[in-house]
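Here is a short briefing for a reader new to this structure. Look over the sequence and the model, then read on.

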Amino acid sequence: MSKQGYLQRYILILEYIKSHKFCSKNSILNYIEEEMTKRGFDIGLSERTLARDMNEIEELFNVSLEYSKNEKGYYLKEGESGNPELVSQFLDAFNILNVMGSETGKPGFIYPESRRSRGTEHLFPIKQAIEKHQYINIDYQKFYPETLERRTIAPHILKESRGRWYVIGYDKSKSNEVRSFGLDRILSVSSQTEKFTPNQLINWSDYHKDFFSMFTNAEPERVLLKFDFRDGNYIESMPIHHSQKVTKNKENVTIELFIGVTLDFMMELMSRCWSLEVKEPVWLRQEMRKIFSEAVERNSN
């Protein structure tokens with residue numbers, strides 16, 4: 001079986017255990033055989049092979065697959081190892097890759113988004129620098145003002161937001177200020193031998209939790225938004241923010257958020273302007289009204 005076949009089997013096992021808590025060994029075996037047959041792999045999966053696969057899955061994905069004697073089944077143990085969100089993202093990515101036909105080519109009836117973020121070629125060297133705590137030099141093309149700058153930064157994390165990747169850390173010349181740099185604006189990356197001491201005082205996994213996208217220059221506050229029923233359903237199916245609470249009636253959908261109101265967030269609201277009504281805070285309602293009034297004036301002739 002090809003390497004893709006083995007990886008596909010690992011993914012199927014992990015996916016099944018993740019979505020079927022306390023599943024039996026036989027149910028896993030039956031599911032894997034059925035699904036692998038659908039994908040064109042004629043295999044017989046033994047209990048011994050399954051046990052070996054599960055050990056390799058734990059090592060590969062840094063997760064823990066446990067057996068509960070009380071429930072008599074397997075489950076994905078969360079909270080003590082691995083990153084459940086990262087595992088879910090990997091599963092999503094693999095499923096997309098699989099349906100795209102990585103071995104046979106993209107089927108003619110599948111049309112993925114053609115717009116892609118640039119700069120992903122810098123992910124690996126930056127990842128290595130983060131792991132080794134090494135400074136990196138970057139040639140950075142700013143959008144505004146349009147200037148090309150050479151920066152030396154201490155990279156701490158890589159973050160994806162709205163289809164773009166960013167490296168977040170500290171500019172060596174401004175070491176007390178957290179900065180973010182879009183990989184699509186980085187022209188080149190080179191690692192230095194000089195090392196830095198990572199900032200352990202910041203919980204980087206929670207650094208953006210009170211914000212939409214990348215900007216963090218606002219205090220989180222209660223935001224109340226109202227949309228018509230149709231638009232509200234779209235927002236409910238893909239939440240604006242993890243704090244989102246939804247209240248519905250037959251005509252409207254009300255969204256409550258606890259979030260820092262930044263430019264990124266306001267631009268997201270503008271994209272829903274055809275049904276948006278800002279209820280709270282008042283200052284945001286007034287600011288959005290000003291933006292829309294200026295837009296009307298620009299487009300009046």
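Buried means under 20% relative accessible area, exposed means over 50%, and partly exposed lies in between (1.4 Å probe, protein chains only). This is a predicted model: local features need pLDDT of at least 70, side-chain atom pairs count only at pLDDT 80 or more, and totals for chains, interfaces and linings use all residues. Residues are numbered from 1 along each chain as its sequence is written, and side-chain values use heavy atoms, with hydrogens and water left out.

**Overall build**
- The protein has 8 helices and 11 strands; these are DSSP runs (helices H or I, at least four residues; strands E, at least two), numbered from the N terminus.
- Of the 301 residues in the protein, 38% are buried.

**Nonpolar cores**
- A nonpolar core is a set of buried Ala, Val, Leu, Ile, Met, Phe, Trp, Tyr and Cys residues joined through side-chain atoms within 4.5 Å.
- The largest one has 22 residues, and Ile13, Ile17, Ile28 and Ile57 have the most contacts inside it.
- Helix H1 (3-19), helix H2 (25-38), helix H3 (47-61) and strand S2 (73-77) each supply at least two residues of this core.
- H1 gives the most, with 7 residues.
- Ile13 is in contact (heavy atoms within 4.5 Å) with residues beyond its neighbours within four places in sequence, including Ile28, Leu50 and Ile57.
- A second, separate core of 19 residues includes Val253, Ile259, Met266 and Ile291.

**The S5-S6 hairpin**
- Strand S5 (residues 164-171) and strand S6 (residues 174-182) pair in the antiparallel sense over 6 bridges; pairing requires that DSSP finds at least two bridges between the strands.
- The two form a hairpin with 2 residues between them.
- Gly169 has Arg179 in S6 as its bridge partner.

**Salt bridges**
- The structure holds 17 salt bridges, each a side-chain nitrogen of Lys or Arg within 4 Å of a carboxyl oxygen of Asp or Glu.
- Arg151 forms one with Asp171, with the closest N and O atoms 3.0 Å apart.
- Arg151 lies in strand S4 (residues 148-161) and Asp171 in S5, so the pair ties together parts 20 residues apart in sequence.
- Both Arg151 and Asp171 are buried, and Glu149 is linked with them in a network of salt bridges.
- Lys172 and Glu194 also meet in a salt bridge (2.7 Å, N to O).
- Asp210 pairs with Lys209, the closest N and O atoms being 3.4 Å apart.
- Asp210 is buried, at 18% relative accessible area, whereas Lys209 is partly exposed, at 38%.
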